[in-house]
Amino acid sequence: MADKKVTVAANHVTKRFDLAERQSDKVKAVFKFWGKGIPNFWAVKGVSFEAHAGETIGIIGTNGSGKSTLLEMVAGLTQPTSGQMTINGSTSIIAIGAGMRPQLTGRANIRLKALMQGMTEKEIEAKMDDIIEFSELGDFIDQPVKSYSSGMKSKLGFAISVYSDADIVIIDEALSVGDPTFTQKSMERTKRFKEEGKTIFFVSHSAAQMRQMADRVIWMHYGDIRMDGPIDEVMPEYERFLKHFNRLSENERLTYQKRYKEAQKTFTLEHLKQIERNRQMLADPATDLQRQKENQHAFVEDNEKMGWFTRIVLTIFIIATVGLMNKQLLNMSWANVMAHPTHLITNFAPSKLAALDKRHGRNGDDNQRTDMLTATQNSYTVKEGETLASIAANANISVAAIMQANQLTDETVTPGQVLTLPVER
Ligand SMILES: Nc1ncnc2c1ncn2[C@@H]1O[C@H](COP(=O)(O)OP(=O)(O)OP(=O)(O)O)[C@@H](O)[C@H]1O
C-alpha cells in the first residue's frame, strides 16, 4: 500500500470532551486562572495512522472506545483537540441518521445531503431515481425521516453515499441495522468502491462482516490504537481479548472499565509528549530528527480553550469597561466599588432612571423621579456637594426617614455613599 496515494494521515490526533454539567460552568472555567477547571474526557488520546487509496480499513473496539469520534474527525464533522488530521479528498459518512433532518422527507434529505456534498441540482435530478431505487424505500421516500425505522434511515444514508462519489467513504455501523439482503447488496457495492480506488472506513461489531470487507483493521481501545495491521493478525487478538473480557465477573469488568476511563479523564498532552519522547529514544537516530520535525505542532492544543494571552487581554478589557461604566454611569469611586461590589448592580437603576427621564422628555421632576426610583430600586448614591437635606428634598421625603432607614446617627453624608431611600406616600 506504501506506493498508493495517502488519503488520510492522522498525526497524534486527540479529542477531548468536557464534562461540564452546565453551560455556565464552561464560561466560569474560561476565566479560571488557577485551581481545577471543568472535568475532561479524552475520547481519543493521540492516534497516528495513514490510510491509502483502495484500502478498506475496519475499525473495531468495544462500546465507547472512540471509533465514531475518530471517524467523525476523518469526516470533518468535528475537529481534533490537538494533532493533525490531514484529508486528501472528499468524504462521505454513512451512520444511522447522520446528517439527516428528521422533519424533512427522504427525498428532501437526498437533495440536501447531495447539495452539501457538492452535487449540482442537475446532477441530483439525474441521480434521484437511482438513489431512491437503491434505497428500496418506495413510497416512503416522501414521508418525513422521523417516521423511519433505523434500518430505513440506514438504507437512505447508504443510497445517498453510493451516488455521492466521495473519495473517502465512512460506514459507521450503518450495515448492522438493515435487512440481510440490503446489507449484502451494500457490501457488494462497497467492494466496488474499493476497486474504484476509494478509501473505506468500516465500523461493525460483526466479525463476519469485518472479515468480508476489511483487509486491514485498527483496534481502538479506550481512546488509543491497541493494534493496527492485517485482519488476520488483529482479529484473532481482538477475539481473544473479548473472550477473556466476557469471562470476567461483573465486578471485575467494572473495575477494568473504571481503570481505563479514569486514565481517559486524567490524560494530558504532556503525557502524550512523554510517550512520544520515550518512543523516539528507542528509535533509529536517523529517523528521529525527521520525526521530531513532523511532531513539533502535534502536541499543541487547538483554540477550544482561550490562551493565557487572550484571557489577560480580555480581563483588562473587562476591568476597563467596568471602570468606565462606573465613572460615567454610576459615579462611584474605586474604593466604593471595592467596598461594595454589589452596588455596581444596585446603583445601576438610578442612573438608568436619569436616562429614562431624558428619553421621555422629563425634566427630572422630583416627584416623578422619586416614584420611579421607588418602583424600581431604593438605592441612591450621594453625589459631590449634596447634603442629606438636599437629597431628602429632591426625593420628597424627610431627613429623619432617611436617617432611620440608613441607621445614621448624624446628618453627615459623603460623596459615593449609598443610601436607602424609604418610600413615603
Ligand atoms: N459529546 C460528547 N461529550 C462527552 N463525551 C462524549 C461525547 N461524545 C462521545 N463521548 C464519549 O467518548 C467516548 C467514545 O465515544 P464513541 O461514540 O466515539 O465510541 P464508539 O467506540 O463509537 O462506541 P459505540 O461502539 O458504542 O458506538 C465514549 O466514552 C463517549 O461516552
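Residues are counted from 1 along each chain, as the sequence is written. Because the model is predicted, local features need pLDDT of at least 70 and side-chain atom pairs count only at pLDDT 80 or more, while totals for chains, interfaces and linings use all residues.

**Exercise 1. Work out which strands form the open sheet, and which stand at its edges.**

Start with what counts as a strand: a DSSP run of E with at least two residues, while a helix is a run of H or I with at least four, both numbered from the N terminus. Two strands pair if DSSP finds at least two bridges between them. On that basis, 6 strands line up as β5-β6-β7-β3-β8-β9, with mixed pairing. Now look at the ends: β5 (91-95) and β9 (224-230) each have a single partner strand, so one side of each is left without a neighbour in the sheet. From one strand to the next, the twist averages 15° (axes are lines fitted to C-alpha atoms, for helices over the stretch in contact, and angles run from 0 to 180 degrees between N-to-C directions).

**Exercise 2. Find how β3 is joined to β8, and what packs on the sheet.**

Take β3 (residues 56-60) and β8 (residues 216-221): they run parallel and share 4 bridges.

**Exercise 3. Decide whether isoleucine 93 is buried or exposed.**

First place the residue: isoleucine 93 is in strand β5. Then apply the rule: 20 or more other C-beta atoms within 10 Å, placed from the backbone, means buried, 12 or fewer means exposed, and in between is partly exposed. Isoleucine 93 has 23 such neighbours, so it counts as buried. Also check leucine 71: it is 22 residues away along the chain, and the two C-alpha atoms are separated by 8.4 Å.

**Exercise 4. Identify the two strands that pair with β1.**

Begin with β2: β1 (residues 6-18) pairs with it in the antiparallel sense over 10 bridges. Alanine 9, for instance, has glutamate 50 in β2 as its bridge partner. Then turn to β4 (residues 82-87), which is joined to β1 by 5 bridges, again antiparallel. There, alanine 10 stands opposite methionine 85.

Note on methods: Two residues are in contact if their C-beta atoms, placed from the backbone, lie within 7 Å.
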